[in-house]
Amino acid sequence: MMACLLEAPLRISVLSEVTATSRHYVDRLFDPDPQNVLQGVIDMKNAVIGNNKQKANLIVLGAVPRLLYLLQQSSSSLELRTECAVVLGSLAMGTENNIKSLVDCHIIPALLQGLLCSDLIFIEACLRCLRTVFISPVTPVQLLYTDPTVIPHLMSLLSRSRHTKEYITQIFAHCCKTPEHQTVLFNHSAIQNIAPLLISPSDKVRMQALKCFSVLAYENTQVSMTLVNVLVDGEQLSQVFVRMMQRDKPIEMQLTAAKCLTYMCRAGAIRTDDNCIILKTLPCLVRMCSKERLLEERVEGAETLAYLMEPDVELQRIASFTDHLVSMLADYFKYPSSVSAITDIKRLDHDLKHAHELRQAAFKLYASLGSNDEDIRKKITETENMMDRIVSGLSESSIKVRLAAVRCLHSLSRSVQQLRTSFHDHAVWKPLMKLLQNAPDEVLVMASSTLCNLLLEFSPSKEPILDSGVIELLCSLTQSDSPALRVNGIWALMNMAFQADQKVKVEIVRALGTEQLFRLLSDPDTNVLMKTLGLLRNLLSTRPHIDQIMSSHGKQIMQAVTLILEGEHSIEVKEQTLCILANIADGNTAKELIMTNDDMLQKIKYYMGHSNVKLQLAATFCISNLIWNEEDGSQERQDKLKDMGFVDILHKLTQASDPNLCDRAKTAMQQYLA
Amino acid sequence: RSDLALNEQEKDLNQRLRRLYPAVNEEETPLPRSWSPKDKFSYIGLSQNNLRVHYKGHGKTPKDAASVRATHPIPAACGVYYFEVKIISKGRDGYVKYMGIGLSAQGVNMNRLPGWDKHSYGYHGDDGHSFCSSGTGQPYGPTFTTGDVIGCCVNLINNTCFYTKNGHSLGIAFTDLPPNLYPTVGLQTPGEVVDANFGQHPFVFDIEDYMREWRTKIQAQIDRFPIGEREGEWQAMIQKMVASYLVHHSYCATAEVFAKSTDQAVHEELASIKNRQKIQKLVLSGRMGEAIETTQQLYPSLLELNPDLLFMLKVRQFIEMVNGTDSEVRCLGGRSPKSQDSYPGSPRLFNSPVHKASSSQTYQTGIGDVITDHLHFLLSPGFDSNYCNGVSSSKGHTLAHSHKSCPRTMPSPELGVLNGSRGQQTNVGAEVEMEVDHFSNGVSESSSNGFLNGSSTHGIDLEECDGDMEVDSAQSKRQLCGGSQAAIERMIQFGRELQSMSEHLRRERGKNSANKKMLKDAFSLLAYSDPWISPVGYQLDSIRREPVCSTLNSAILETHNLPKQPPLALAVGQAAQCLSLMARTGSGSCAFASVDDYLH
């Protein structure tokens with residue numbers, strides 16, 4: 001504390017000395033003699049190069065507005081205007097604060113205005129400064145698009161020189177962040193203008209042009225579809241990208257070219273079985289995951305690869321055996337390593353910074369690898385400490401890691417084998433449940449979806465999860481605004497109710513509440529409706545359960561069934577509803593709810609004559625349950641239904657071409673014969 | 001037709017192998033091209049030029065396993081080596097499909113699958129395991145079966161191996177591989193058939209891309225190699241090397257300027273350098289007689305003490321006589337003694353107007369007779385006399401309408417240096433390769449490279465000469481000994497002297513096969529109507545003056561206790577020698593570090 005106090009005045013005096021010299025530079029900008037002003041700017045240029053303190057001082061002292069004024073003044077000589085742009089470019093090379101100050105002084109519109117000048121040297125100086133400003137993360141990229149004449153003008157300047165090519169493509173590559181940006185650039189012929197630059201003799205130009213294509217094509221079908229038809233010097237663009245992935249090319253170039261092809265493939269512009277994907281892009285991305293690459297490259301490589309093969313099982317299979325990818329990824333979890341801490345603090349810092357990114361990238365790639373193939377899932381879970389890593393990933397502080405971990409877990413949870421073994425052994429349900437208590441929606445969606453699989457009847461984790469108070473949690477999910485969460489909530493409940501104890505079923509009905517149940521039955525999302533019907537069907541399984549639930553909620557359920565059968569719904573929904581009805585018909589007391597409802601019986605009759613076999617089958621099943629011989633009052637029911645003409649229909653159905661329907665009808669008819 | 005196809009395949013194969021493995025010297029280490037019919041177990045059958053392998057054993061137990069090796073081991077100079085095997089048939093049903101693809105050293109039991117024994121490595125199709133000199137495998141890759149193409153890549157730089165399946169790399173399978181492994185496959189199931197591709201066809205896997213990566217790695221390693229700990233030391237050394245090179249080749253003016261500007265001392269007197277320069281110029285312009293004379297004057301005991309050297313110079317003189325360039329025949333011919341052929345290697349140095357030979361036809365009569373008269377004497381016994389007839393009957397061809405000669409202009413040596421090195425690069429490589437065993441010799445031979453300018457063509461010469469000449473005369477109308485009867489007589493007489501000198505030498509110093517061959521080759525020139533286009537005509541090429549010049553120069557330097565070759569040439573030679581030594585000791589990185597790449 002004392003030292004600080006002593007030091008303070010000294011620092012002030014040094015500062016005032018520095019500002020004094022800086023002030024001199026600024027003062028000279030106001031000299032009445034233009035020749036002196038020019039010399040002043042040139043001296044300022046030499047003074048600020050590589051001197052961040054000097055840059056900050058000049059900005060504080062108000063050099064920027066004056067420089068901008070001189071730059072914009074048509075009375076200034078071109079030489080002066082150019083030097084001003086150079087100094088501003090130099091100031092922009094400093095800290096992020098410098099950039100902020102420059103942007104606040106409206107440097108961007110001033111420089112963009114400067115581009116209208118005819119002098120190439122001046123234009124290049126402006127572009128260089130604009131480039132530096134725009135590639136900074138603190139500059140809002142939207143500023144490039146405010147004036148609609150800017151993009152077409154930049155396109156027209158593009159081919160003027162090696163420098164305009166480099167700076168403009170670099171600006172585009174950094175400022176294309178949204179689908180809207182992609183469209184603006186696309187509409188101004190970005191593809192035709194930039195494609196020839198891919199074979200430029202300058203490495204920098206080639207690289208920036210390539211980056212432009214990767215940001216333009218990302219999740220953009222229109223761009224991707226256009227790209228496949230572009231020829232560069234008579235060669236297809238995809239082949240140009242393939243050449244850029246050659247193993248003697250700079251890593252950045254290989255990686256970016258692989259991204260371009262990946263995006264084109266995902267947009268459907270290139271088939272997944274095309275050689276340029278299978279034999280070039282995929283192996284290139286696998287190489288990017290190797291230990292020899294920088295941590296950043298490994299992250300990007302893994303993420304891009306995960307994205308490439310997500311929808312294609314064949315690519316997943318190939319990747320799974322390429323260059324030991326599965327075990328190579330295990331290395332992503334070893335940062336910061338114990339070695340990095342020992343060697344130097346800088347390395348440790350670097351590793352720490354990338355550790356989260358590495359882990360989430362590896363989880364994503366594992367998730368993508370294991371999304372379809374059982375053998376691959378097995379291979380993944382057998383990787384060293386894999387389940388432990390997922391378990392600890394689920395409770396990491398970084399949301400990105402948690403999300404990726406749960407995605408990975410979800411992917412693996414599609415395996416019956418893994419659910420029965422490793423999932424249970426590692427009690428993954430515990431961190432999963434914890435994650436579900438409090439997490440952003442995107443994590444919740446994945447976590448609840450995983451939970452659905454863990455609640456499958458054969459999963460040994462089902463029991464402990466039930467005991468952990470999961471029902472309330474799932475019921476609350478069904479009230480979410482997100483359809484995906486509602487689906488997962490009700491889906492999990494459905495799985496839980498499958499062949500469950502009476503106690504569980506009662507608990508589900510109680511916790512959910514009939515009101516919520518019926519709200520879900522009128523949910524706008526078909527998936528939610530389907531799973532809710534599934535839940536009802538699972539609740540209404542064995543006879544005592546049917547009777548008990550129908551005795552307490554019969555009226556509402558019958559109402560809901562009527563409503564759905566009368567509404568505009570898909571075949572699947574109606575089939576599911578008829579199945580519920582068939583279950584009700586299987587109850588002892590419950591079946592009276594149907595027998596006493598002539599309107600319902602008419603509906604069943606209608607569906608027995610429906611053109612869709614599945615609906616006929618379900619309706620027939622329902623009738624078959626109603627007329628089943630061995631039960632009390634079967635005679636009366638048979639008579640009533642016979643009177644209503646069901647026997648004739650059944651008779652007709654015994655002639656049906658569908659063997660299942662035919663059998664079902666015959667079985668029903670036999671009830672009458674016995 | 002199948003023969004034709006076979007030839008095509010052979011051509012393809014050779015081309016592909018040359019492209020993939022340019023550093024391999026196949027005379028020393030041939031590349032595998034097929035399976036060896038001699039190095040296999042009896043249950044293995046070979047067909048289709050020894051590329052197809054089928055199993056013909058019982059296949060009941062592991063005792064029925066059978067393997068075959070390729071004809072040759074993989075040379076280290078490949079750097080990266082690759083072959084592929086296509087599974088044509090996985091064999092009869094009801095058997096486990098044991099099948100192994102890999103590598104083994106010479107002498108490893110062939111009644112086994114690759115990978116089971118010491119110095120044997122394999123990847124097996126039934127379980128996808130890799131076997132590293134052990135009966136138990138490690139999980140490695142996917143299984144493989146009919147229709148699959150399995151590739152095996154040996155990296156001789158880091159001694160690892162990886163496999164590919166249908167063009168996809170499966171990752172490292174083995175590390176720390178020993179040298180001299182043979183491609184090997186093993187089968188154990190009746191009906192199994194596999195085809196090998198050692199380069200006969202394009203590979204499914206892009207091995208050239210993998211090679212590109214390693215070439216880049218090695219070259220980056222060379223570029224980044226740390227040099228000179230202390231400031232300026234490296235530069236000083238380079239300057240010294242350049243200076244010594246200039247002095248060695250007697251570029252006095254350049255050497256002087258260079259030494260001055262880099263502040264170095266020259267370790268030889270200027271006069272001495274100039275003397276050597278004079279002699280070298282004579283040799284390089286084909287004026288051997290004068291060269292020998294001058295040498296004897298300036299260095300009286302040199303040739304006396306080196307009779308073999310003198311003999312070599314005289315043989316060259318004989319050749320130059322045939323060429324019509326040596327001073328002795330020149331003065332007998334229709335040319336002025338001062339004029340001479342332009343030395344094609346350095347056109348700018350000896351530029352000249354043209355001069356027409358007068359009525360050359362008269363000289364022509366009888367040339368054949370003169371030669372045939374003497375041939376029986378000059379040529380070794382058993383020489384087909386038909387050749388002699390050939391000479392006399394084709395007199396007409398040797399008629400010349402004109403020929404050019406260029407009076408000498410004093411060239412500035414600098415030009416020679418500047419023009420010098422480029423065109424000679426290919427020669428450096430070729431010569432250096434020959435010299436592996438006699439290191440110093442070879443280097444001295446190649447040391448003259450910078451000096452000469454062999455790449456420029458006669459055509460350019462002619463264009464630079466003045467007008468009234470026939471442009472194609474230099475190539476097609478050359479005449480024996482410049483077309484002079486007297487010169488021919490002198491040449492024949494000189495040949496006799498040479499013959500007796502050779503006999504004398506043999507008596508004095510014993511047999512010398514190099515000398516014998518030299519003489520025989522030189523005399524053979526006379527057996528052809530147009531020696532320039534004959535199989536021995538290469539001797540007449542001015543480029544052949546270079547080794548003579550360089551040997552003589554080295555000998556002179558040695559008498560002054562100066563190194564007989566400049567350190568620069570020594571370094572280049574050492575680098576090349578080092579690379580071939582690396583190839584022999586199994587360091588694969590030599591494949592991607594050609595000396596030529598660094599000689600700009």
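Helices here are DSSP runs of H or I with at least four residues, strands are E runs of at least two, and both are numbered from the N terminus. With that rule, Ile238(B) sits in helix H3 (residues 233–248) of chain B. This is a predicted model, so a local feature needs pLDDT of at least 70 and side-chain atom pairs count only at pLDDT 80 or more, while totals for chains, interfaces and linings use all residues. As for bookkeeping, residues are numbered from 1 along each chain as its sequence is written, chains are lettered from A and ligands numbered from 1 in the order in which they are written, and side-chain values use heavy atoms, with hydrogens and water left out.

**Chain B at a glance**

- Chain B carries 21 helices and 16 strands.
- Of its 600 residues, 51% are buried, where buried means under 20% relative accessible area, exposed means over 50%, and partly exposed is in between (1.4 Å probe, protein chains only).
- The accessible surface of chain B is about 27800 Å², and carbon and sulfur atoms own 52% of that; areas come from the Shrake-Rupley method with a 1.4 Å probe, and for residues only the protein chains shown count as cover.
- Contact here means heavy atoms within 4.5 Å. Take the contacts in chain B with a separation of 6 or more, and 71% of them join residues 24 or more positions apart.
- Gly510(B) falls in the loop between helix H18 (485–509) and helix H19 (513–524) of chain B, and with 30% relative accessibility Gly510(B) counts as partly exposed.
- From Gly510(B) to Asp127(B) it's 69 Å, C-alpha to C-alpha, and 383 residues in sequence.

**Nonpolar cores and a nonpolar patch**

- In soluble globular proteins, nonpolar side chains tend to be buried together.
- A nonpolar core is a set of buried Ala, Val, Leu, Ile, Met, Phe, Trp, Tyr and Cys residues joined through side-chain atoms within 4.5 Å. The largest one has 244 residues, and Phe241(A), Leu581(A) and Ile594(A) touch the most other members.
- Leave out residues up to four places away in sequence, and Ile594(A) still touches Met558(A), Leu581(A), Ile584(A), Ala585(A), Met600(A), Leu601(A), Ile604(A), Cys622(A) and Leu626(A).
- A second, separate core has 67 residues, including Phe321(A), Ile44(B), Ala77(B) and Leu579(B).
- Back to Ile238(B): together with Phe225(B), Ile227(B), Trp234(B) and Met237(B), this residue makes a nonpolar surface patch of about 500 Å².
- Patches are made of residues with over 30% relative accessible area and no salt bridge, joining like charges within 9 Å and nonpolar side chains (Val, Leu, Ile, Met, Phe, Trp, Tyr) within 5 Å. Ile238(B) has 38% relative accessibility, so this residue counts as partly exposed.

**Salt bridges**

- Over all chains there are 51 salt bridges, each one a side-chain nitrogen of Lys or Arg within 4 Å of a carboxyl oxygen of Asp or Glu.
- In chain A, Asp373(A) and Arg317(A) pair up at 2.6 Å, N to O. Asp373(A) is in the loop between helix H22 (345–369) and helix H23 (374–381), and Arg317(A) is in helix H19 (residues 313–321), so the bridge ties together parts 56 residues apart in sequence.
- Within that pair, Asp373(A) is buried at 9% relative accessibility, whereas Arg317(A) is partly exposed at 36%.
- Helix H2 (residues 207–223) of chain B holds both Asp209(B) and Arg212(B), three residues apart, or about one turn of the helix. Their side chains form a salt bridge at 3.2 Å, N to O.
- Asp209(B) is buried, with 7% relative accessible area, and Arg212(B) is partly exposed, with 22%.
- Glu213(B) and Lys217(B) bridge at 3.5 Å, N to O; these two are four residues apart in helix H2 of chain B, about one helical turn.
- Glu213(B) is buried at 12%, while Lys217(B) is partly exposed at 28%.
- Glu213(B) and Lys217(B) also belong to a network of salt bridges with Arg247(A) and Glu292(A).

**Cysteines**

- Count the disulfides over all chains and you get zero, with a disulfide taken as a pair of cysteine sulfur atoms within 2.5 Å.
- For Cys265(A), the closest cysteine sulfur is in Cys276(A), 7.8 Å away and too far for a bond. Cys265(A) is buried at 6% relative accessibility.
- For Cys161(B), the closest cysteine sulfur is 3.9 Å away in Cys152(B), again too far for a bond. Cys161(B) is buried, with a relative accessible area of 0%.
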